[in-house]
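Please open the model in your viewer and keep the selection panel at hand.

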Amino acid sequence: MSDTQSFEDPTVEEKLSLGVHAAALIVVSVVALVGNTVATDNTVPEGLVGLIVLWLICMVGLLLTEFVPFKLPSVAWISLVGIVVTLPWTPGSAWVLEKVGHVNFLTLATPCLAYAGIAIAKREIEIAKTSGWKIAVVAVLVMTGTYVGSAIVAQMFL
């Protein structure tokens, strides 16, 4: 092996910048806004303001994750920021609660779960390349079976 070649550890993930996080959250917010408008009686401006407030809470949490000397996961920082801004004695908490109240949190789960379903690591791509077309057939059958099985359970018990 020459000095110019290096091994890449497949278990190490690249850290995303704040700009990439901000852009990703904007995309998720747009998808959530569509879902929120379709699924509820809320208007686009009501949902948009609520999602902007949530986006700002997320960005403050991500900034804290980046710059605070002791490390906590970003989800912890975002949760703490959300808790602090909605505490009754925090100035403006009633406004924040009123605006975020126009966001149906179930519609927020849709883009998050969709991303989780399609998120693919480099190692998984390599496995898919070596597996060929057969893995696509298996994936379709597994997803179909899961959907049909879930529908049967829902019809029987819910």
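Begin by selecting α1 together with helix α5 (residues 105–118), whose axes come within 8 Å and cross at roughly 135°; here axes are lines fitted to C-alpha atoms, for helices over the stretch in contact, and angles run from 0 to 180 degrees between N-to-C directions. That angle makes α1 oblique to α5, given that angles under 35 degrees count as roughly parallel, over 145 as roughly antiparallel, 65 to 115 as roughly perpendicular and the rest as oblique. The crossing of α1 past α5 is right-handed, a crossing being right-handed if the near helix is turned clockwise from the far one by less than a right angle, and left-handed if anticlockwise. To see the contact itself (heavy atoms within 4.5 Å), show Val28, Val31, Ala32, Gly35, Asn36 and Ala39 on α1, and Thr107, Leu108 and Pro111 on α5. Sorted by class, this contact of α1 with α5 holds 6 nonpolar, 3 polar and no charged residues, where Ala, Val, Leu, Ile, Met, Phe, Trp, Tyr, Cys and Pro count as nonpolar, Asp, Glu, Lys and Arg as charged, and the others, Gly among them, as polar.

Before going on, note that this is a predicted model, in which local features need pLDDT of at least 70 and side-chain atom pairs count only at pLDDT 80 or more, while totals for chains, interfaces and linings use all residues. Residues are numbered from 1 along each chain as its sequence is written, and side-chain values use heavy atoms, with hydrogens and water left out.

Zoom out to the whole protein, which has 7 helices and 0 strands; helices (H or I, at least four residues) and strands (E, at least two) are DSSP runs, numbered from the N terminus. Of its 158 residues, 20% count as buried, with buried meaning under 20% relative accessible area, exposed over 50%, and partly exposed in between (1.4 Å probe, protein chains only).

By class, the contact of α1 with α2 has 15 nonpolar, 5 polar and no charged residues.

Which residues make up the largest nonpolar core? Select Ala32, Leu33, Leu51, Val53, Leu54, Ile57, Val81, Val96, Val100, Val103 and Leu108, 11 residues in all; a nonpolar core is a set of buried Ala, Val, Leu, Ile, Met, Phe, Trp, Tyr and Cys residues joined through side-chain atoms within 4.5 Å. At least two residues of this core come from each of α1, α2 and α4 (93–100), and α2 gives the most, with 4 residues.

Two loop residues close the tour. His102 lies in the loop between α4 and α5 and, at 18% relative accessibility, counts as buried; leaving out residues up to four places away in sequence, His102 touches Asn36, Asn42, Glu46 and Gly47. Lys71, in the loop between α2 and α3 (74–86), is exposed, with a relative accessible area of 59%, and, apart from its neighbours within four places in sequence, Lys71 is in contact with Thr65 and Glu66.
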